[in-house]
Amino acid sequence: MAYGQLAVSPNSPSGPLVFVVEVEQAINTDEVVSATKDAEVDAEAQQTLADLGVTVSGDLGAAATISVADGAEAPTEQQNFVLARGAGDEVAEGDQVALELAFVNWGDNGSLQSSWEVGGPQITTVVAAATLIGGLVGVPVGSRVVILMPGDEAAGTVASAYVVDVAKIL
């Protein structure tokens, strides 16, 4: 709105501007990546995922990847698995959270994309109505979660598998 002589409306300010910014919280990348290091692994969830043909690689407290076995049956509804449970506060609707995540399209392990690979956590607001992120409501900070999403032919989407580390509530 303040572009000096390039102002597009008569009420636009011209001249120097001063912005005052208050930093309320900083996110340390190492803190985010290591958030799951003390989580307790759920062997039953791990076995269920193996039975579904889904494999998560990577130690807790480090980058993770996810893959789907050739021929594994795609999910027909969203499924959430807490693979390792953290000890932090539970995520609630409306919380803004820092997440590390990786996902792969069903039947195409070469499609893997990862926030760990691009060097930074994803910041998002948890909305229960939003299918993927809504699956994190009630999950404690420090947890590693696997979310299996069905495809939607009408929308042109394919089934996908996500591994999500819930790093911090902001």
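What is the volume of the largest pocket? The largest pocket comes to about 190 Å³. The legends below describe a predicted model, in which local features need pLDDT of at least 70 and side-chain atom pairs count only at pLDDT 80 or more, while totals for chains, interfaces and linings use all residues. Residues are numbered from 1 along each chain as its sequence is written, and side-chain values use heavy atoms, with hydrogens and water left out.

**View 1. Overview of the helices and strands.** The protein has four helices and nine strands. Helices (H or I, at least four residues) and strands (E, at least two) are DSSP runs numbered from the N terminus. Along the sequence their order is α-β-α-β-β-β-β-β-α-β-α-β-β. Of the 170 residues, 36% count as buried. Buried stands for under 20% relative accessible area, exposed for over 50%, and partly exposed for what lies in between (1.4 Å probe, protein chains only).

**View 2. The largest pocket and its lining.** A pocket is found on a 1 Å grid over the protein atoms alone: it is an open set of points where a 1.4 Å probe fits, with protein on both sides within 12 Å along at least five of seven lines, and lining residues have an atom within 4 Å of a point. Grid points are joined across faces, edges and corners, and the volume is the space filled by probe spheres set on the points. The lining of the largest pocket consists of Val-41, Gln-46, Leu-49, Ala-50, Val-54, Thr-55, Val-56, Gly-58, Leu-60, Leu-83, Ala-84 and Arg-144. Helix H2 (43–52), strand E2 (54–57) and strand E4 (79–85) each contribute at least two of the lining residues. Ala-50, one of the lining residues, belongs to helix H2. Ala-50 has a relative accessible area of 47% and is therefore partly exposed.

**View 3. Salt bridges.** A salt bridge is counted where a side-chain nitrogen of Lys or Arg lies within 4 Å of a carboxyl oxygen of Asp or Glu. The count by this rule is two salt bridges. In one of them, the side chains of Asp-165 and Arg-144 meet at 2.7 Å, N to O. Asp-165 is in strand E9 and Arg-144 in strand E8 (residues 144–149), so this pair ties together parts that are 21 residues apart in sequence. Asp-165 and Arg-144 are both buried. The side chains of Asp-38 and Lys-37 form a salt bridge at 3.2 Å, N to O. Asp-38 and Lys-37 are both exposed.

View 4. Rings of Phe, Tyr and Trp (its six-membered ring) pair if their centres lie within 6.5 Å; planes under 30 degrees apart count as stacked, over 60 as edge-to-face and the rest as tilted. One aromatic pair is counted by this rule. The ring centres of Phe-103 and Tyr-162 are 5.1 Å apart and the planes stand at 25°, so the pair is stacked. Phe-103 is in strand E5 (residues 96–105) and Tyr-162 in strand E9 (residues 160–169), so the pair ties together parts that are 59 residues apart in sequence. Phe-103 is buried at 18% relative accessible area, and Tyr-162 is buried at 15%. Strand E5 also holds Gln-96, which is partly exposed at 38% relative accessibility. The C-alpha atoms of Gln-96 and Lys-168 are 8.6 Å apart, although 72 residues separate them along the chain.

**View 5. The loop between E8 and E9.** Gly-151 and Asp-152 are in this loop. Gly-151 is partly exposed at 37% relative accessibility, and Asp-152 is partly exposed with a relative accessible area of 37%. The C-alpha of Gly-151 is 7.5 Å from that of Thr-76, at a separation of 75 residues along the chain. For Asp-152 and Thr-76, the C-alpha distance is 9.2 Å and the sequence separation 76 residues.

**View 6. A nonpolar surface patch.** Leu-17, Phe-19, Val-21 and Val-23 make up a nonpolar patch with about 490 Å² of accessible area together. Patches are made of residues with over 30% relative accessible area and no salt bridge; like charges are joined within 9 Å, and nonpolar side chains (Val, Leu, Ile, Met, Phe, Trp, Tyr) within 5 Å. Accessible areas come from the Shrake-Rupley method with a 1.4 Å probe, and for residues only the protein chains shown count as cover. Phe-19 is in the segment before helix H1 (29–33), and its relative accessibility of 71% makes Phe-19 exposed.
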